[in-house]
Amino acid sequence: MPGEQKNSFLLLYGSQTGQAKAIAEEIAEKAETQHNLKANVYCLSQTEKKFNIEKEKCVVIVTSTTGDGEPPDTAAKFFRRLNKKTLQEDYLSNINYTLLGLGDSNYTNFCKCGKAVDKRLEELGAKRFYPSGFADDAVGLEVVVEPWMDGLFPVLQRFLGLTPHDSESSLANMDNKCLNGHVKSNSTSDDLKNTDSVITNDSINISDAVNTNEINSSQLKQEISKNGLAFPSAATAVTMATVISAKQLTREDAVKRTLCLCLDIKNSDIKYLPGDAVSVVCTNSEDEVNNLFKRLDISHVADQVCKFDILPDTKKRNPSVPSHIPHKFTLKHVFKTCVDIRDAPKKALIRSLVEFTTNQSEKRRLQELCSKQGADHYSKFIRESRISLLDLLLTFPSCNPPVERILEHLPRLQPRPYSVCRSELEGFEESGILSKYCVSFSRDEQQDDLPRYVQDNLLLHSSEVMTLLESDAMVYVCGDAKNMAKDVNEAFLQIIQKEREYTEEEAKRYVMKMRLYKKYMEDVWT
Ligand SMILES: Cc1cc2nc3c(=O)[nH]c(=O)nc-3n(C[C@H](O)[C@H](O)[C@H](O)COP(=O)(O)O)c2cc1C
């Protein structure tokens, strides 16, 4: 049984794009380096191979939600097993657990997976030894994650019989059964003093450039797919594709520029259908990378080949090189293609900058930004202002961190997902396959009498739409759930009321029936 040591506990994570995994790793690291606890960490996909939850005494679960309220792919098997109808009510009565759910309140089913697992564990008799937390990516996961994690350790210690004190006050701060969304923490001024101690030692160091040859580009391509960008959610290997044409779809004065890019994938194995998603890795801007290098004073080594080494005397348990950093690299390559330099700097990064800042007032300001009391300042100054790493360093001129410290903290450059659709409609209209084809460019400036949104277009063609509906038409609605899908649904209700002289109730029943017979289908997201 894995939990044999007195101070050990099982730590499980279910992650689609890496955040839950990173948080679980942080919990494990803090548990070991700061709290004399030992975490046995496994991905939920390892169920029955590496762990059997029913045999555990103390379990901590961190899981995100993906898709439309679904568990991450890696958690699907665990989820299925847990939901078996045949399990007895007391199946998990021996285990004690707590759970941290990650989600995004822009989605309809906020933290659905975490909440469902939490509920099911309770149904099966498991006891929650510490309140479960539900963190919201829309406002910043750290708003819930940080106080939840801080409170967890003393409770765990007490639960495992290591320190019989402290946990009461920690539990008192968590007075709800679950933490949900925004949390105001009840911290003391000690938090500020303690900010430095979180970073105990450099764990990673860039060794001196091993040689000064530039890595040739095919080697770099290999590194991208082999080491640099091992995307956890990618269904296929990463493919290099050339952009063969680019057409701007929006007008020059549009609020947001939309481009139609054609990628040449003739020589790749990619097969796709409309509805699949293609994720594009867009590199960081050369100018921004150069400016960052100038600010970090590393322009002169930008093209030298480097390698990450773990410091032999690191105090971190199981230190590892971030998986998105290639074994050998040039700084230029890593900063352009592997790390996200635009994302708002995380508190852990800001905390690590403090020790490299010489001006005392700048130092205090940085400490404040990453302290619990400074949560509002952090949200306002960093997140809402969409400050980048370069902006931050320019604002704090006396801060001169070594580049390895920055690299240790920068998140992976995430691919941007796009839905695959076909752009053949114009051709279909020309060849007569389509008899009518209407477009609405809502972001372009419109003359007042032209339909701006798709619902305006539907209402404009109200009687034709009704005729189509009556002749067994299928309706597919795809796109923004919050406004567009709602408004399109409303437009259909209006059309049916107007054209058929139906009451609102009758129109609703009409659309309901269409949905029931799969004649009105939605593929929508927020
Ligand atoms: C494609 C996609 C679908 C998502 N669906 C949901 C959802 O239905 N409900 C929710 O609360 N969060 C949803 N999220 C937000 C993630 O749960 C959240 O960003 C989380 O921090 C990701 O953690 P992970 O990297 O460990 O997977 C979704 C995110 C993505 C990218």
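Does arginine 386 count as buried or exposed, and how many C-beta neighbours does it have inside 10 Å? In this predicted model, arginine 386 counts as exposed, because 10 C-beta neighbours lie inside 10 Å and a residue with 12 or fewer falls in that class.

Most residues other than glycine have a negative phi. Glutamate 48 counts as exposed, because it has 10 C-beta neighbours inside 10 Å.

**The chain as a whole**

The secondary structure of the protein chain comes to 19 helices and 16 strands, and of its 526 residues 28% count as buried. Among the contacts in the protein chain with a separation of 6 or more, 74% are accounted for by residues 24 or more positions apart.

| Pair | Apart in sequence | C-alpha to C-alpha |
|---|---|---|
| Valine 143 and lysine 372 | 229 residues | 9.1 Å |
| Arginine 81 and threonine 47 | 34 residues | 9.2 Å |
| Alanine 138 and tyrosine 107 | 31 residues | 9.5 Å |

The surroundings of one member of each pair can be described further. Valine 143 is found in helix α4 (residues 142-159), and this valine is buried because 21 other C-beta atoms lie within 10 Å. Arginine 81 is found in helix α2 (residues 76-82) and is partly exposed, with 14 other C-beta atoms within 10 Å. Alanine 138 lies in the loop between β6 (132-136) and α4 and is also partly exposed, with 13 other C-beta atoms within 10 Å. Once its neighbours within four places in sequence are left aside, alanine 138 is in contact with Asp104, Ser105 and Asn106.

**The pair α18 and α19**

Two packed helices are described by the angle between their axes and the distance between the axes. For helix α18 (residues 481-500) and helix α19 (residues 504-516), the axes come within 9 Å and cross at roughly 120 degrees, which makes α18 oblique to α19. The crossing of α18 and α19 is right-handed. On the side of α18, the residues that meet the partner helix are Asn489, Phe492, Leu493, Ile496 and Gln497, and in α19 they are Glu504, Ala507, Lys508, Tyr510 and Val511. By residue class, the contact of α18 with α19 divides into six nonpolar, two polar and two charged residues.

**Around the ligand**

Which residues come nearest to the ligand? Of the 23 residues around the ligand, those that come nearest are Ser15, Gln19, Ala20, Ser64 and Gly103. The elements that give two or more residues to this shell are helix α1 (19-34) and strand β4 (96-103). In terms of residue class, the shell around the ligand divides into seven nonpolar, twelve polar and four charged residues.

Note on methods
Residues are numbered from 1 along each chain as its sequence is written. This is a predicted model: local features need pLDDT of at least 70, side-chain atom pairs count only at pLDDT 80 or more; totals for chains, interfaces and linings use all residues. A residue is near a molecule or strand if its C-beta atom, placed from the backbone, lies within 6 Å of it. Helices (H or I, at least four residues) and strands (E, at least two) are DSSP runs, numbered from the N terminus. Ala, Val, Leu, Ile, Met, Phe, Trp, Tyr, Cys and Pro count as nonpolar, Asp, Glu, Lys and Arg as charged, and the others, Gly among them, as polar. Axes are lines fitted to C-alpha atoms, for helices over the stretch in contact, and angles run from 0 to 180 degrees between N-to-C directions. Angles under 35 degrees count as roughly parallel, over 145 as roughly antiparallel, 65 to 115 as roughly perpendicular and the rest as oblique. A crossing is left-handed if the near helix is turned anticlockwise from the far one by less than a right angle, and right-handed if clockwise. Two residues are in contact if their C-beta atoms, placed from the backbone, lie within 7 Å. A residue is buried if 20 or more other C-beta atoms lie within 10 Å of its own, exposed if 12 or fewer, and partly exposed in between; C-beta atoms are placed from the backbone.
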